[in-house]
Amino acid sequence: MSGLASVKEVKVTRTLKRYWRLRVPRELSQGALFIVIEAGGERWQVSLDRHGRIYVPTRLRPMFDKAKTIVMRREDDTLVVKLLSF
């Protein structure tokens, strides 16, 4: 990544709310060792499946329902997924 912070904004769609899987862009997921979801003041570590998707844990689903936008950013070897309500 050459030290540059990559940020991607994703809209919450009906597919996410139906299957509870979030597609991660390949340029952000490539080489990521950890995937962390920041929601409700907490940080949850989740894993990436072989298709490049994150499965949303049951406890976080109400927060994903309220979210309008999801911001994904890369911090070294960690991919951070942050929920925004606007």
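Select lysine 82 to begin: lysine 82 is partly exposed, with a relative accessible area of 34% (buried is under 20%, exposed over 50% and partly exposed in between, using a 1.4 Å probe and protein chains only). This is a predicted model, in which local features need pLDDT of at least 70, side-chain atom pairs count only at pLDDT 80 or more, and totals for chains, interfaces and linings use all residues. Residues are numbered from 1 along each chain as its sequence is written, and side-chain values use heavy atoms, leaving out hydrogens and water.

Next, show glutamate 38. Its side chain forms a salt bridge with that of lysine 82, at 3.8 Å from N to O (a salt bridge is a side-chain nitrogen of Lys or Arg within 4 Å of a carboxyl oxygen of Asp or Glu). Lysine 82 sits in strand β7 and glutamate 38 in strand β3, so the pair ties together parts 44 residues apart in sequence. Strands are DSSP runs of E, at least two residues, numbered from the N terminus. Glutamate 38 counts as buried, at 15% relative accessibility.

Now select residues 78–84, strand β7, where five of the seven residues are buried. Strand β3 (residues 34–39) runs parallel to β7, joined by five bridges; pairing requires at least two DSSP bridges between two strands. Isoleucine 35 has leucine 79 in β7 as its bridge partner.

Move to strand β6 (residues 69–75), which is antiparallel to β7 and joined to it by seven bridges. Threonine 69 is partnered with leucine 84 of β7. Finish at aspartate 76, in the β6–β7 hairpin with two residues between the strands, which takes a positive phi near 55°.

Definitions and conventions:
Helices (H or I, at least four residues) and strands (E, at least two) are DSSP runs, numbered from the N terminus.
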